[in-house]
Amino acid sequence: MTRQNYLFTSESVSEGHPDKVCDRISDAVLDAFLAEEPQARVACETFATTNRVIIGGEVRGSKSVMDRVADIARECVRDIGYAQDGFHWENLTVDNYLHEQSAHIAQGVDAGDNKDEGAGDQGIMFGYAVNETEHLMPAPVHYAHAILRRLAEVRKSGAEPELEPDAKSQLTLRYVNGVPVGVAALVLSTQHRSEDLTSADVRTIVEPYIREVLPEGWLDADTVWHVNPTGKFVIGGPDGDAGLTGRKIIVDTYGGAAPHGGGAFSGKDPTKVDRSAAYAARYLAKNVVASGMASRCTIQLSYAIGIAEPQSLYVDTHGTGHVDDAAIERAIRDTMSLTPRGIREHLQLNKPVYQRTAAYGHFGRAPDADGGFSWEKTDLVETLKKAV
(Lines give C-alpha, C1' and ligand atoms only; values in the text may rest on other atoms or scores of the structure.)
Protein backbone atom coordinates (compact mmCIF):
# COMPACT_ATOMS: atom_id res chain seq x y z
CA MET A 1 0.00 0.00 0.00
CA THR A 2 1.44 3.37 -0.98
CA ARG A 3 2.06 5.68 1.95
CA GLN A 4 -0.47 8.54 2.03
CA ASN A 5 0.66 10.89 4.82
CA TYR A 6 4.28 12.05 4.79
CA LEU A 7 6.78 14.87 4.27
CA PHE A 8 8.82 15.14 1.07
CA THR A 9 11.61 17.59 0.23
CA SER A 10 13.05 18.89 -3.04
CA GLU A 11 15.51 21.67 -3.84
CA SER A 12 16.40 24.02 -6.66
CA VAL A 13 19.31 26.30 -7.46
CA SER A 14 19.31 29.58 -9.39
CA GLU A 15 20.89 30.35 -12.74
CA GLY A 16 23.72 32.04 -10.82
CA HIS A 17 24.66 28.92 -8.86
CA PRO A 18 28.22 27.91 -9.90
CA ASP A 19 27.11 24.58 -11.38
CA LYS A 20 24.27 26.24 -13.27
CA VAL A 21 26.62 28.87 -14.71
CA CYS A 22 28.56 25.93 -16.18
CA ASP A 23 25.42 24.21 -17.47
CA ARG A 24 24.39 27.47 -19.14
CA ILE A 25 27.73 27.93 -20.89
CA SER A 26 27.83 24.30 -22.05
CA ASP A 27 24.34 24.53 -23.51
CA ALA A 28 25.06 27.92 -25.10
CA VAL A 29 28.05 26.39 -26.90
CA LEU A 30 25.82 23.51 -28.01
CA ASP A 31 23.19 25.93 -29.34
CA ALA A 32 25.83 27.85 -31.27
CA PHE A 33 26.95 24.67 -33.05
CA LEU A 34 23.37 23.54 -33.77
CA ALA A 35 22.46 26.97 -35.13
CA GLU A 36 25.25 26.62 -37.70
CA GLU A 37 24.82 22.91 -38.38
CA PRO A 38 21.75 21.00 -37.06
CA GLN A 39 23.62 17.67 -37.27
CA ALA A 40 26.59 18.90 -35.21
CA ARG A 41 27.95 16.60 -32.52
CA VAL A 42 28.76 18.25 -29.21
CA ALA A 43 29.83 17.03 -25.78
CA CYS A 44 30.82 20.20 -23.94
CA GLU A 45 31.91 20.46 -20.30
CA THR A 46 32.57 23.65 -18.35
CA PHE A 47 34.45 24.35 -15.13
CA ALA A 48 34.26 27.73 -13.39
CA THR A 49 36.15 29.25 -10.46
CA THR A 50 37.37 32.70 -9.44
CA ASN A 51 37.51 34.81 -12.63
CA ARG A 52 38.19 31.77 -14.81
CA VAL A 53 36.09 29.52 -17.05
CA ILE A 54 37.56 26.36 -18.60
CA ILE A 55 35.70 24.67 -21.44
CA GLY A 56 36.54 21.23 -22.82
CA GLY A 57 35.07 18.25 -24.60
CA GLU A 58 34.65 17.01 -28.13
CA VAL A 59 32.75 18.44 -31.07
CA ARG A 60 32.12 17.91 -34.75
CA GLY A 61 30.68 20.97 -36.43
CA SER A 62 31.28 24.48 -37.72
CA LYS A 63 34.84 25.72 -37.25
CA SER A 64 33.60 29.30 -36.93
CA VAL A 65 31.94 28.51 -33.60
CA MET A 66 35.28 27.53 -32.10
CA ASP A 67 36.47 31.12 -32.57
CA ARG A 68 33.45 32.45 -30.65
CA VAL A 69 33.49 30.16 -27.62
CA ALA A 70 35.03 32.75 -25.27
CA ASP A 71 32.50 35.38 -26.34
CA ILE A 72 29.65 32.90 -25.85
CA ALA A 73 30.83 32.19 -22.30
CA ARG A 74 31.17 35.88 -21.44
CA GLU A 75 27.69 36.64 -22.75
CA CYS A 76 26.21 33.89 -20.55
CA VAL A 77 27.96 35.27 -17.47
CA ARG A 78 26.88 38.82 -18.34
CA ASP A 79 23.24 37.80 -18.81
CA ILE A 80 23.20 35.88 -15.54
CA GLY A 81 24.39 39.06 -13.84
CA TYR A 82 27.96 38.54 -12.66
CA ALA A 83 30.04 41.72 -12.65
CA GLN A 84 31.84 41.21 -9.34
CA ASP A 85 35.51 41.52 -8.49
CA GLY A 86 35.93 37.75 -8.21
CA PHE A 87 33.78 36.82 -11.21
CA HIS A 88 33.23 39.50 -13.83
CA TRP A 89 31.93 38.71 -17.31
CA GLU A 90 34.29 41.20 -18.94
CA ASN A 91 37.48 40.40 -17.03
CA LEU A 92 37.38 36.65 -16.53
CA THR A 93 39.78 34.33 -18.40
CA VAL A 94 38.19 31.77 -20.73
CA ASP A 95 40.26 28.72 -21.74
CA ASN A 96 38.89 26.68 -24.66
CA TYR A 97 40.02 23.05 -24.87
CA LEU A 98 37.30 21.71 -27.18
CA HIS A 99 38.63 19.24 -29.76
CA GLU A 100 37.42 16.95 -32.54
CA GLN A 101 35.09 14.08 -31.68
CA SER A 102 36.70 10.66 -31.34
CA ALA A 103 36.47 8.66 -34.56
CA HIS A 104 35.67 5.54 -32.52
CA ILE A 105 32.63 7.18 -30.95
CA ALA A 106 31.56 8.60 -34.32
CA GLN A 107 31.60 5.20 -36.01
CA GLY A 108 29.15 3.83 -33.44
CA VAL A 109 26.77 6.77 -33.66
CA ASP A 110 26.75 7.54 -37.39
CA ALA A 111 24.30 5.85 -39.70
CA GLY A 112 25.86 3.68 -42.41
CA ASP A 113 24.84 1.63 -45.43
CA ASN A 114 23.54 -1.23 -43.32
CA LYS A 115 22.81 0.40 -39.95
CA ASP A 116 20.69 3.14 -38.47
CA GLU A 117 22.14 5.86 -36.29
CA GLY A 118 23.20 4.26 -33.00
CA ALA A 119 23.05 5.45 -29.42
CA GLY A 120 26.03 7.58 -28.38
CA ASP A 121 26.60 5.47 -25.28
CA GLN A 122 25.09 2.75 -23.14
CA GLY A 123 22.86 3.89 -20.33
CA ILE A 124 19.52 3.99 -18.56
CA MET A 125 17.11 6.94 -18.69
CA PHE A 126 13.95 7.70 -16.73
CA GLY A 127 10.88 9.81 -17.35
CA TYR A 128 8.20 10.67 -14.81
CA ALA A 129 4.88 12.46 -14.53
CA VAL A 130 2.36 12.90 -11.72
CA ASN A 131 -0.86 14.88 -11.51
CA GLU A 132 0.16 17.04 -8.54
CA THR A 133 0.54 20.23 -10.61
CA GLU A 134 -0.87 21.53 -13.89
CA HIS A 135 2.43 20.70 -15.60
CA LEU A 136 2.25 17.13 -14.23
CA MET A 137 5.37 17.57 -12.09
CA PRO A 138 6.05 16.72 -8.44
CA ALA A 139 4.95 19.72 -6.41
CA PRO A 140 8.08 20.13 -4.24
CA VAL A 141 10.52 20.65 -7.12
CA HIS A 142 7.98 22.59 -9.20
CA TYR A 143 7.54 25.24 -6.51
CA ALA A 144 11.22 25.24 -5.49
CA HIS A 145 11.96 26.25 -9.11
CA ALA A 146 9.14 28.79 -9.15
CA ILE A 147 10.51 30.64 -6.12
CA LEU A 148 13.97 31.10 -7.62
CA ARG A 149 12.63 31.99 -11.05
CA ARG A 150 10.53 34.76 -9.51
CA LEU A 151 13.46 36.09 -7.48
CA ALA A 152 15.59 36.15 -10.64
CA GLU A 153 12.89 38.19 -12.40
CA VAL A 154 12.78 40.90 -9.76
CA ARG A 155 16.58 40.93 -9.48
CA LYS A 156 17.05 41.43 -13.21
CA SER A 157 14.24 43.99 -13.49
CA GLY A 158 15.89 46.15 -10.82
CA ALA A 159 12.92 45.83 -8.46
CA GLU A 160 15.16 44.21 -5.83
CA PRO A 161 18.68 45.63 -6.32
CA GLU A 162 20.01 43.92 -3.17
CA LEU A 163 19.64 40.44 -4.67
CA GLU A 164 22.60 38.85 -6.45
CA PRO A 165 22.64 35.86 -8.85
CA ASP A 166 23.57 32.91 -6.59
CA ALA A 167 20.65 31.31 -4.71
CA LYS A 168 19.21 28.01 -3.51
CA SER A 169 15.75 26.97 -2.35
CA GLN A 170 14.40 23.91 -0.58
CA LEU A 171 10.79 23.00 0.15
CA THR A 172 9.47 20.32 2.48
CA LEU A 173 5.83 19.70 1.63
CA ARG A 174 3.24 17.98 3.79
CA TYR A 175 1.20 15.29 2.02
CA VAL A 176 -2.20 14.18 3.31
CA ASN A 177 -3.98 11.31 1.57
CA GLY A 178 -1.25 11.46 -1.07
CA VAL A 179 -1.93 15.11 -1.92
CA PRO A 180 0.40 18.08 -1.13
CA VAL A 181 -1.45 20.44 1.24
CA GLY A 182 1.17 22.74 2.77
CA VAL A 183 4.78 23.72 3.43
CA ALA A 184 6.26 22.16 6.55
CA ALA A 185 9.66 23.85 6.08
CA LEU A 186 11.23 26.30 3.67
CA VAL A 187 14.92 27.06 3.13
CA LEU A 188 16.03 30.01 1.01
CA SER A 189 19.64 31.16 0.70
CA THR A 190 20.36 34.06 -1.61
CA GLN A 191 23.45 36.08 -2.33
CA HIS A 192 23.02 39.77 -1.52
CA ARG A 193 24.93 42.97 -2.22
CA SER A 194 25.20 44.75 1.13
CA GLU A 195 27.40 43.49 3.97
CA ASP A 196 24.95 45.03 6.43
CA LEU A 197 21.93 42.87 5.60
CA THR A 198 20.85 40.39 8.26
CA SER A 199 18.94 37.17 7.67
CA ALA A 200 15.79 38.98 8.83
CA ASP A 201 16.42 41.75 6.29
CA VAL A 202 16.76 39.21 3.48
CA ARG A 203 13.54 37.48 4.56
CA THR A 204 11.74 40.82 4.37
CA ILE A 205 12.88 41.15 0.76
CA VAL A 206 12.08 37.63 -0.44
CA GLU A 207 9.00 36.63 1.55
CA PRO A 208 6.43 38.53 -0.56
CA TYR A 209 7.66 36.80 -3.72
CA ILE A 210 7.66 33.39 -2.07
CA ARG A 211 4.07 33.89 -0.94
CA GLU A 212 3.18 35.07 -4.42
CA VAL A 213 4.21 31.83 -6.16
CA LEU A 214 3.04 29.25 -3.58
CA PRO A 215 -0.60 28.12 -3.45
CA GLU A 216 -2.73 30.09 -1.02
CA GLY A 217 -2.78 28.61 2.47
CA TRP A 218 0.35 26.50 2.04
CA LEU A 219 2.37 28.81 4.30
CA ASP A 220 0.95 28.95 7.81
CA ALA A 221 1.97 29.50 11.43
CA ASP A 222 3.51 26.03 11.59
CA THR A 223 5.81 26.51 8.58
CA VAL A 224 9.48 26.58 9.61
CA TRP A 225 11.47 29.30 7.77
CA HIS A 226 15.24 29.34 7.26
CA VAL A 227 16.33 32.36 5.19
CA ASN A 228 20.11 32.72 4.80
CA PRO A 229 20.53 30.58 7.90
CA THR A 230 24.33 31.00 8.01
CA GLY A 231 24.06 34.80 8.02
CA LYS A 232 25.77 36.89 5.33
CA PHE A 233 25.96 35.62 1.77
CA VAL A 234 27.87 38.29 -0.16
CA ILE A 235 30.58 36.24 -1.90
CA GLY A 236 28.82 33.83 -4.23
CA GLY A 237 28.88 32.21 -7.63
CA PRO A 238 32.10 30.63 -8.92
CA ASP A 239 34.12 33.07 -6.79
CA GLY A 240 32.66 31.48 -3.67
CA ASP A 241 32.53 27.86 -4.85
CA ALA A 242 33.72 26.17 -8.03
CA GLY A 243 31.15 25.03 -10.58
CA LEU A 244 30.99 22.12 -13.00
CA THR A 245 28.61 21.02 -15.75
CA GLY A 246 26.18 18.26 -14.83
CA ARG A 247 26.33 18.32 -11.04
CA LYS A 248 22.67 19.20 -10.41
CA ILE A 249 20.93 16.25 -12.05
CA ILE A 250 18.18 15.92 -9.42
CA VAL A 251 17.43 19.63 -9.68
CA ASP A 252 17.29 19.19 -13.46
CA THR A 253 14.70 16.41 -13.27
CA TYR A 254 12.15 15.53 -10.57
CA GLY A 255 13.64 16.67 -7.29
CA GLY A 256 14.25 13.10 -6.11
CA ALA A 257 10.60 12.08 -6.50
CA ALA A 258 11.58 9.70 -9.33
CA PRO A 259 14.72 7.81 -10.40
CA HIS A 260 17.42 9.49 -12.46
CA GLY A 261 19.48 7.79 -15.15
CA GLY A 262 23.22 7.59 -15.32
CA GLY A 263 24.01 10.80 -17.18
CA ALA A 264 23.57 14.56 -17.01
CA PHE A 265 22.00 16.62 -19.82
CA SER A 266 23.70 19.96 -20.42
CA GLY A 267 26.26 20.33 -23.19
CA LYS A 268 25.18 17.17 -25.02
CA ASP A 269 23.69 17.12 -28.50
CA PRO A 270 20.55 15.00 -29.04
CA THR A 271 22.38 11.96 -30.41
CA LYS A 272 23.40 11.46 -26.78
CA VAL A 273 20.59 9.38 -25.32
CA ASP A 274 21.51 10.59 -21.83
CA ARG A 275 19.62 13.68 -22.91
CA SER A 276 17.27 12.80 -25.77
CA ALA A 277 15.96 9.52 -24.34
CA ALA A 278 15.37 11.16 -20.96
CA TYR A 279 13.33 13.79 -22.78
CA ALA A 280 11.44 11.07 -24.67
CA ALA A 281 10.72 9.17 -21.46
CA ARG A 282 9.33 12.34 -19.84
CA TYR A 283 7.25 13.05 -22.96
CA LEU A 284 5.74 9.57 -22.90
CA ALA A 285 5.13 9.52 -19.14
CA LYS A 286 3.46 12.93 -19.32
CA ASN A 287 1.19 11.82 -22.15
CA VAL A 288 0.23 8.67 -20.24
CA VAL A 289 -0.83 10.75 -17.23
CA ALA A 290 -2.47 13.45 -19.38
CA SER A 291 -4.51 10.75 -21.10
CA GLY A 292 -6.02 9.67 -17.79
CA MET A 293 -4.56 6.17 -18.02
CA ALA A 294 -2.77 6.75 -14.71
CA SER A 295 -2.24 9.52 -12.18
CA ARG A 296 1.47 8.69 -11.84
CA CYS A 297 3.88 7.09 -14.30
CA THR A 298 7.57 6.18 -14.43
CA ILE A 299 9.19 5.05 -17.68
CA GLN A 300 12.67 3.55 -18.03
CA LEU A 301 14.59 3.18 -21.30
CA SER A 302 17.99 1.55 -21.80
CA TYR A 303 20.48 1.62 -24.68
CA ALA A 304 23.73 0.06 -25.92
CA ILE A 305 26.39 2.17 -27.63
CA GLY A 306 26.13 2.02 -31.40
CA ILE A 307 22.77 0.18 -31.34
CA ALA A 308 19.64 1.98 -32.51
CA GLU A 309 16.78 0.14 -30.80
CA PRO A 310 16.45 0.45 -27.01
CA GLN A 311 17.41 -2.63 -25.03
CA SER A 312 14.37 -2.29 -22.81
CA LEU A 313 11.23 -0.27 -22.13
CA TYR A 314 9.63 -0.43 -18.68
CA VAL A 315 6.43 1.28 -17.51
CA ASP A 316 5.32 1.55 -13.88
CA THR A 317 2.10 3.37 -12.98
CA HIS A 318 2.59 2.67 -9.25
CA GLY A 319 -0.82 1.09 -8.82
CA THR A 320 -2.62 4.16 -10.19
CA GLY A 321 -3.20 2.81 -13.71
CA HIS A 322 -6.56 2.22 -15.32
CA VAL A 323 -4.77 0.26 -18.05
CA ASP A 324 -2.35 -2.61 -17.56
CA ASP A 325 1.29 -1.42 -17.53
CA ALA A 326 2.27 -4.03 -20.12
CA ALA A 327 -0.46 -2.72 -22.43
CA ILE A 328 0.95 0.80 -22.09
CA GLU A 329 4.40 -0.53 -22.99
CA ARG A 330 3.00 -2.12 -26.15
CA ALA A 331 1.12 1.07 -27.03
CA ILE A 332 4.29 3.15 -26.67
CA ARG A 333 6.25 0.84 -28.97
CA ASP A 334 3.45 1.03 -31.53
CA THR A 335 3.19 4.80 -31.27
CA MET A 336 6.73 6.22 -31.29
CA SER A 337 10.13 5.13 -32.56
CA LEU A 338 12.55 5.15 -29.64
CA THR A 339 15.71 4.95 -31.72
CA PRO A 340 17.98 8.01 -31.39
CA ARG A 341 16.92 9.14 -34.86
CA GLY A 342 13.24 8.46 -34.11
CA ILE A 343 13.36 10.52 -30.91
CA ARG A 344 15.20 13.42 -32.54
CA GLU A 345 12.79 13.57 -35.46
CA HIS A 346 9.61 13.14 -33.39
CA LEU A 347 10.58 15.84 -30.87
CA GLN A 348 12.52 17.95 -33.42
CA LEU A 349 15.57 18.13 -31.19
CA ASN A 350 18.17 19.35 -33.71
CA LYS A 351 17.41 22.98 -32.92
CA PRO A 352 19.33 25.53 -30.81
CA VAL A 353 16.86 25.40 -27.91
CA TYR A 354 18.97 24.08 -25.06
CA GLN A 355 20.44 27.13 -23.32
CA ARG A 356 17.02 27.90 -21.83
CA THR A 357 16.89 24.46 -20.17
CA ALA A 358 20.02 25.05 -18.10
CA ALA A 359 18.25 26.55 -15.05
CA TYR A 360 14.93 25.90 -13.28
CA GLY A 361 14.49 22.38 -14.58
CA HIS A 362 14.35 20.60 -17.91
CA PHE A 363 10.79 19.42 -17.23
CA GLY A 364 7.51 21.04 -16.26
CA ARG A 365 7.96 23.99 -18.62
CA ALA A 366 5.53 25.21 -21.29
CA PRO A 367 6.47 24.23 -24.86
CA ASP A 368 7.88 27.14 -26.89
CA ALA A 369 6.73 28.11 -30.38
CA ASP A 370 10.26 27.62 -31.77
CA GLY A 371 10.43 23.99 -30.60
CA GLY A 372 11.89 24.48 -27.14
CA PHE A 373 10.59 22.03 -24.52
CA SER A 374 8.86 20.01 -27.25
CA TRP A 375 9.01 17.04 -24.88
CA GLU A 376 6.44 18.82 -22.67
CA LYS A 377 3.70 18.58 -25.30
CA THR A 378 0.70 16.32 -24.69
CA ASP A 379 -0.01 15.76 -28.37
CA LEU A 380 0.29 11.97 -28.09
CA VAL A 381 -2.71 11.53 -25.79
CA GLU A 382 -5.29 10.45 -28.38
CA THR A 383 -2.81 8.24 -30.24
CA LEU A 384 -1.91 6.38 -27.05
CA LYS A 385 -5.56 5.95 -26.12
CA LYS A 386 -6.27 4.38 -29.48
CA ALA A 387 -3.22 2.15 -29.24
CA VAL A 388 -4.41 0.57 -25.97
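Two residues are taken to be in contact when they have heavy atoms within 4.5 Å of each other. By this criterion, among contacts in the chain between residues at least 6 apart in sequence, 73% join residues at least 24 apart. The structure is a predicted model, in which local features need pLDDT of at least 70 and side-chain atom pairs count only at pLDDT 80 or more, while totals for chains, interfaces and linings use all residues. Residues are numbered from 1 along each chain as its sequence is written, and side-chain values use heavy atoms, with hydrogens and water left out.

The chain contains 12 helices and 13 strands; these are DSSP runs numbered from the N terminus, with helices (H or I) of at least four residues and strands (E) of at least two. Along its principal axes, the C-alpha trace spans about 65 × 55 × 30 Å. The radius of gyration, taken over C-alpha atoms, is compared with a globule rule of 2.2 Å times the number of residues to the power 0.38. For 388 residues a compact globule would have a value near 21 Å, and the chain, at 21 Å, agrees with this.

A residue is called buried under 20% relative accessible area, exposed over 50%, and partly exposed in between (1.4 Å probe, protein chains only). Buried residues account for 55% of the 388 residues. The chain exposes about 15,800 Å², of which carbon and sulfur atoms supply 48%; such areas come from the Shrake-Rupley method with a 1.4 Å probe. There are 39 positive and 55 negative side chains, and the centres of the two sets lie 2 Å apart. In this count Lys and Arg are positive and Asp and Glu negative, whereas His and the chain ends are not counted; the charge is placed at NZ of Lys, CZ of Arg, CG of Asp or CD of Glu.

Helix α10 comprises residues 325-335, and its residues Ala327, Ile328, Ala331, Ile332 and Thr335 are buried. Seen down the axis of α10, these buried residues fall within an arc of 140°, so they line one face of the helix. The arc is that of the directions from the helix axis to the C-beta atoms. An α-helix has 3.6 residues a turn, so residues three or four places apart point the same way. Arg330 and Asp334 are exposed on the other side of α10. The buried residues of α10 pack against α9 (273-290), β12 (296-303), β13 (312-316) and α12 (381-387).

Strand β12 contains Gln300. Although Gln300 and Phe126 are 174 residues apart along the chain, their C-alpha atoms are separated by 4.5 Å. Leaving aside residues up to four places away in sequence, Gln300 touches Ile124, Met125, Phe126, Ser312, Leu313 and Tyr314.

In helix α11, the buried residues are Pro340, Gly342, Ile343, Arg344 and Leu347, and their cover includes α9 and β12. Just after α11, Gln348 takes a positive phi of about 55°. Most residues other than glycine have a negative phi. Gln348 is in the loop between α11 (340-347) and α12 and, at 45% relative accessibility, is partly exposed. A positive phi, near 60°, also occurs at Leu136, located in the loop between β7 (123-130) and α5 (139-157). Leu136 is buried, with a relative accessible area of 12%.
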